[in-house]
Each structure stands twice: as structure tokens, then as C-alpha cells.
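Biologist: Could you take a close look at how the helices pack against one another, and answer in one connected account?

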Amino acid sequence: MKTSNPVLARLGQAAERERSAGYAPTGPYGQPGYPQQYPTEAGYPAAPPAVNTMSVDDVVVKTVTLLGILGVSAAAAWVLVPDALLGAAWIGAAVVGLVLGLVISFSRMANPALVVAYAVVEGVFVGMVSKFFDSLYDGIVLQAVTATFGVFFVMAMLYKAKVIRATPKFVKGMIAVMAGLFAVMLINLVLALFDINTGLRDGSPLAIGFSLVCIVVASLSFVLSFKEIEDGVRMGLPQRYSWVAAFGILVSLVWLYIEILRLLSYFQGDD
């Protein structure tokens, strides 16, 4: 199967190699869908093990699992980390999460332990950020969580109804925009360390506009994840790659939540 996603193309080639080696499900005479039959009497080799392919249900289960782990980690960090260490834990979790995320993203390692570790670290990050904003604005965390999942389900319905399609141009454009936003945020962070205010995160009209752009892009990034899942199922990728797909959804959810939390804070007032 052809795909506009170069990562999936590479994974699809790997899956095809597994199938040609006899390790993917095949029919009794080579048709897909049934384990290939081999003689197992004395003097004959045993049948090679069949490999289960990923499904949408697999991705749903993995995503819910990662969200549960992230939630538990966030709650534990909120309760256990003292206020004096909030900043250090926040920055440390952000750095470690970024490193793990880049490793998973660029290598596309279907390693459940690595993806779970990312969920744990991101849970600490989300917990610390949430605790900080909640200490300033009561109830803002619940509002941000509700809005985040609301946007996610709306995007899922729009994709299912084919209102939004992940065309090759859309995919290329989204990748370029996300890379640009990441670079801008990284530069802004470095400048902030030197007390240089760019106006992107200070509650000004420019900051509000920037957060709105980030929210829109983060919302549209779900379309890339849905397309990746759809292509992965169609291409018959091994079941373990459902962890990679769930990771992609988790990244978008965390990014969207943080941006919504920040945007809501701009409208809270000073009381």
C-alpha cells in the first residue's frame, strides 16, 4: 500500500519483510488472513509463529492505558513534590520528556517500555504545570481538561465524517508548520532564560494570538495521527506499532492541554 507518510512507508517495508519471511498471518494457500499451514510431523520444521497486526481497537486500548499512566503520574507528582521543588521538577520533566519524545519520534521504536516511560515523565510535567496554574486560578485545570478532550472528540468526528482529510499537501504543510512552531518556541525559551521578552507568552494580544495558532495546529495534528493509524492498519503493521500510534495521540493531547491552559490563564484577571 502507498502512503504519503515516509515513516509509515519505512514501517510498511519492515512489515512486508516479515510477511515474506513467513511471520505474518497468511492463508492456508498463501492468502492473507489465516496462519499458514506447515507439516509438523517428525522430520518437518514447525510452523513459524503468526504475527498479529495492529487494529484501531489496539490503538484505543494503548492510548487509554497511556492516559491512565499519565494521570496517575500527574496526580502523584502534584501530591508528593513539595512546592519548593516545583520549578525544578517542571523543568527536569520537560527536558527528559523532550529527549524521550525525540528518540521515539525519530527512531519510531515500537518499545512499550520507552513509551510508558514517556507517559510517566510527561505525567510529572503535566502535574507540575497544572499545580502551578491551579495555585493562581482555581478551577482552570478542570476547564482545560474538559476543553482538551472536547477538541479531541470533535476532531475525531470530523475525521470520521471525512470533513477533514489528510491529503499529501495537508501532511507536508502540517509537518512544516509544526517544525516552525517548535523552533519558535525553543528560541523563545532560550531568550526567556536571558530575560528577553518576545511577547509570545506574557498575556499580550500577541501572546493570545500565538496560543490560538498553537491550539489550532495541535488540534489539526490529531488528523495526522488518525491518518497514521488508518494507514498502519491497512498496511498490516505488527501489533506492537499500536504503541507508536498511541504515543502520537498522547503528544498532541499534552501539547493541546498546555496551550489551552495557558490561553485560559490570560483571561483569568488578577484576583
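Modeller: What follows goes through the helix pairs one after another. The model is predicted, so local features need a pLDDT of at least 70 and side-chain atom pairs count only at pLDDT 80 or more, while totals for chains, interfaces and linings use all residues. Residues are numbered from 1 along each chain as its sequence is written, and side-chain values use heavy atoms, with hydrogens and water left out.

The protein chain has eight helices and zero strands (DSSP runs numbered from the N terminus, H or I of at least four residues for helices, E of at least two for strands).

Helix 4 (residues 112-136) and helix 8 (residues 242-266) pack at about 10° with their axes 11 Å apart (axes are lines fitted to C-alpha atoms, for helices over the stretch in contact, and angles run from 0 to 180 degrees between N-to-C directions). These two helices are therefore roughly parallel to each other (under 35 degrees; over 145 is roughly antiparallel, 65 to 115 roughly perpendicular and the rest oblique). On the helix 4 side the contact (heavy atoms within 4.5 Å) includes Phe125, Val129 and Phe133, and on the helix 8 side it includes Trp243, Phe247 and Arg262. The residues of this contact divide into 17 nonpolar, two polar and two charged (Ala, Val, Leu, Ile, Met, Phe, Trp, Tyr, Cys and Pro are nonpolar, Asp, Glu, Lys and Arg charged, and the others, Gly among them, polar).

Helix 4 also packs with helix 2 (residues 56-80), at an angle of about 45° and with the axes 7 Å apart, which makes helix 2 oblique to helix 4. Helix 2 passes helix 4 in a right-handed crossing (the near helix is turned clockwise from the far one by less than a right angle; anticlockwise is left-handed). In this contact there are 13 nonpolar, four polar and three charged residues.

Helix 6 (residues 168-193) and helix 7 have axes that come within 10 Å and cross at roughly 140°, so helix 6 is oblique to helix 7, and their crossing is left-handed. Among the residues that meet are Phe170, Met174 and Leu181 in helix 6 and Phe210, Cys214 and Ser221 in helix 7; the contact divides into 15 nonpolar, one polar and no charged residues.

Helix 7 itself (residues 205-235) has 31 residues and reaches 45 Å from its first C-alpha to its last, close to the 45 Å expected (1.5 Å times one less than the number of residues). Just after helix 7, Gly236 takes a positive phi of about 70°.
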